[in-house]
Amino acid sequence: MYNAASAKAEEFICHDEVMASLKYADDNKNNIQLIDSIIEKARLRKGLNHREASVLLACEIPEKIQEIYELAEQIKKDFYGNRIVMFAPLYLSNYCVNSCVYCPYHIKNKNITRKKLTQEEITKEVIALQDMGHKRLAIEAGEDPVNNPIEYILESIDTIYNIKHKNGAIRRVNVNIAATTVENYRRLKEAGIGTYILFQETYHKESYEKLHPMGPKHDYAYHTEAMDRAMEGGIDDVGLGVLFGLELYRYEYCALLMHAEHLEAVYGVGPHTISVPRIKHADDIDPGAFDNSISDEIFYKITALIRIAVPYTGMIISTRESEEVRERIIRLGVSQISGGSRTSVGGYTEEERPHDTEQFDVSDQRTLDEVVNWLMRNGYIPSFCTACYREGRTGDRFMALCKSGQIQNCCHPNALMTLKEYLMDYASEDTRRIGELLIQSELGNIPKENVRKICKENLENIQKGTRDFRF
Ligand code: SAM
């Protein structure tokens, strides 16, 4: 039976409830009166439940879809302004004991070179990332208790935080590793991680079990209840995601919202982020082998509908997507993007992009400087800010800030100051020129006068060489 507050995966992601919601959505996809009332509710910026949101996803009326897009853009602007937070993935190890049929790291893949970075190699990778200008990483690893035990992950985090090269510093490490125990989540929290990210891949239990035929990840309940254990272990910023293409997108969308409702019901705080990866080509992986791939148009619709259904959540898009898709999707709701990414173990220290240990093909192959430049030309402020979690603004404290509208007095100046650091230390001449103009014009958009004044002083101090200011 469906119960959002249950501790059991099959009750908070109840298959019957998903199916009933999809039927309700189908029955009402042309019910203009209902659709209008749901869009009106979404305008209150308090979100939608999975049933309401599923109706909008089923709706194919062009004018209504246009209304949804416009609302998503507006909500994105209201809560996240024109800031885009930058990050990069760092692949530590591709040893893996699982058998995920869509992932090249699966245990049976003998083509792929297996590699695990030593602490010295991590240092080199992180220096390369710092020299690009990154301040925020997401570490990635396959699941392998022998090669990649939690001690290895913890040691790597410690290494990463302690590398100080020129003006570089990694100030926030997010972690994307396999589902683990409450005790291990506690240790990750103590190591100072930002968000714990774990993609559900698919919420459809039967498909999940087929797509993960062997290994610890086969256990649907253990995987689906991971965020509950993370919360129990003290991690209150968790990142959800579905790998689109594995199952029917309407099923995934509905269940993803049920997962967010579950976290809200039990812990009083929804997901810190939601990622929207799509399956990509990789060694031994042909995305064409999966029947449920989604078109760009559907992808945009899903993104816009996540934005209006869960208005406070950060949304992440990786370099799996092309420049063109990223441009559109950022407008519709995405607040965080990666740039200059390499998805191979040890990829940042190689001159040429290596392919032999890659997790998936990267569509957007531009450098970080090119991405930063492009964002600014499109009217966005690339932000290297990591202040919230360093100031203890995590979980419901972050959400409260977001909901109060005070984010403009906090995130906005932080974005400008960290962009200034980037311009001073890493940017090309052209990027620096555009960035300086942008900072000058954006200073006027800080509502509180005293905050604006302090921000201006800090910018001058950054110009003189001081680093790491934050509100
Ligand atoms: N191994 C960890 C786990 O079990 O959750 C997570 C790390 S994995 C490096 C990160 C994510 O990449 C996976 O959760 C999956 O969704 C995604 N991924 C795997 N194969 C992919 C492919 N062929 N195309 C796009 N994304 C893929």
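Is Arg-377 buried, partly exposed or exposed, and at what relative accessibility? Arg-377 counts as exposed, with a relative accessibility of 54%. The legends below describe close-up views of a predicted model.

**Figure 1. Overall dimensions and secondary structure of the predicted chain.** The secondary structure consists of 20 helices and nine strands. Along the principal axes, the C-alpha atoms occupy a box of roughly 60 × 55 × 40 Å. The radius of gyration of the chain is 21 Å, which agrees with the value near 23 Å that a compact globule of 471 residues would have. Of the 471 residues, 62% count as buried. In total, the structure contains 35 salt bridges, several of which are shown in the views that follow.

Figure 2. Lys-23 is exposed, as is Asp-27. In general, side chains of opposite charge can pair when their charged atoms come close.

**Figure 3. The salt bridge between Arg-377 and Asp-430.** The side chains of Arg-377 and Asp-430 meet with an N to O distance of 2.8 Å. Arg-377 is located in helix α15 (residues 368–377) and Asp-430 in helix α19, so this pair ties together parts that are 53 residues apart in sequence. The two partners can also be described by their accessibility. Arg-377 is exposed at 54% relative accessibility, whereas Asp-430 is partly exposed, with a relative accessible area of 29%.

**Figure 4. The salt bridge between Asp-425 and Arg-467.** An N to O distance of 2.9 Å characterises the salt bridge in which the side chains of Asp-425 and Arg-467 meet. Because Asp-425 lies in helix α18 and Arg-467 in the segment after α20, the pair ties together parts that are 42 residues apart in sequence. Asp-425 has a relative accessible area of 25% and is partly exposed. Arg-467, with a relative accessible area of 17%, is buried, since the buried class lies under 20%.

**Figure 5. Asp-468 and a network of salt bridges.** Six residues, Arg-171, Arg-390, Glu-391, Glu-421, Asp-468 and Arg-470, are linked in this network. Asp-468 is located in the segment after α20 (449–464). The backbone of Asp-468 has a positive phi near 65°, although the residue is not a glycine. Asp-468 is partly exposed, with a relative accessible area of 31%.

**Figure 6. Tyr-426 in the loop between α18 and α19.** The loop that holds Tyr-426 lies between α18 (411–425) and α19 (429–443). Tyr-426 has a relative accessible area of 16% and is therefore buried. The C-alpha atoms of Tyr-426 and Asp-369 are separated by 8.0 Å, while the two residues are 57 residues apart along the chain.

**Figure 7. A patch of negative charge on the surface.** Glu-120, Glu-121, Glu-155 and Asp-158 gather in this patch. Helices α6 (119–132) and α7 (150–161) each contribute at least two of its residues. One of the members, Glu-121, is found in helix α6. Glu-121 counts as partly exposed, at 31% relative accessibility.

**Figure 8. The backbone at Lys-166.** Lys-166 lies in the loop between α7 and β3 (172–176). The phi angle of Lys-166 is positive, at about 50°, although Lys-166 is not a glycine. A relative accessible area of 72% makes Lys-166 an exposed residue.

**Figure 9. Lys-448 in the loop between α19 and α20, with Gln-119 for reference.** Lys-448 is found in the loop that separates α19 from α20. At 40% relative accessibility, Lys-448 counts as partly exposed. From C-alpha to C-alpha, Lys-448 and Gln-119 are 44 Å apart in space, and their separation in sequence is 329 residues.

Notes
Residues are numbered from 1 along each chain as its sequence is written. This is a predicted model: local features need pLDDT of at least 70, side-chain atom pairs count only at pLDDT 80 or more; totals for chains, interfaces and linings use all residues. Side-chain values use heavy atoms; hydrogens and water are left out. Patches are made of residues with over 30% relative accessible area and no salt bridge: like charges are joined within 9 Å, nonpolar side chains (Val, Leu, Ile, Met, Phe, Trp, Tyr) within 5 Å. Accessible areas come from the Shrake-Rupley method with a 1.4 Å probe; for residues, only the protein chains shown count as cover. A salt bridge is a side-chain nitrogen of Lys or Arg within 4 Å of a carboxyl oxygen of Asp or Glu. Lys and Arg count as positive and Asp and Glu as negative; His and the chain ends are not counted. The place of a charge is taken as NZ of Lys, CZ of Arg, CG of Asp or CD of Glu. Helices (H or I, at least four residues) and strands (E, at least two) are DSSP runs, numbered from the N terminus. Buried means under 20% relative accessible area, exposed over 50%, partly exposed in between (1.4 Å probe, protein chains only). The radius of gyration is taken over C-alpha atoms; the globule rule is 2.2 Å times the number of residues to the power 0.38.
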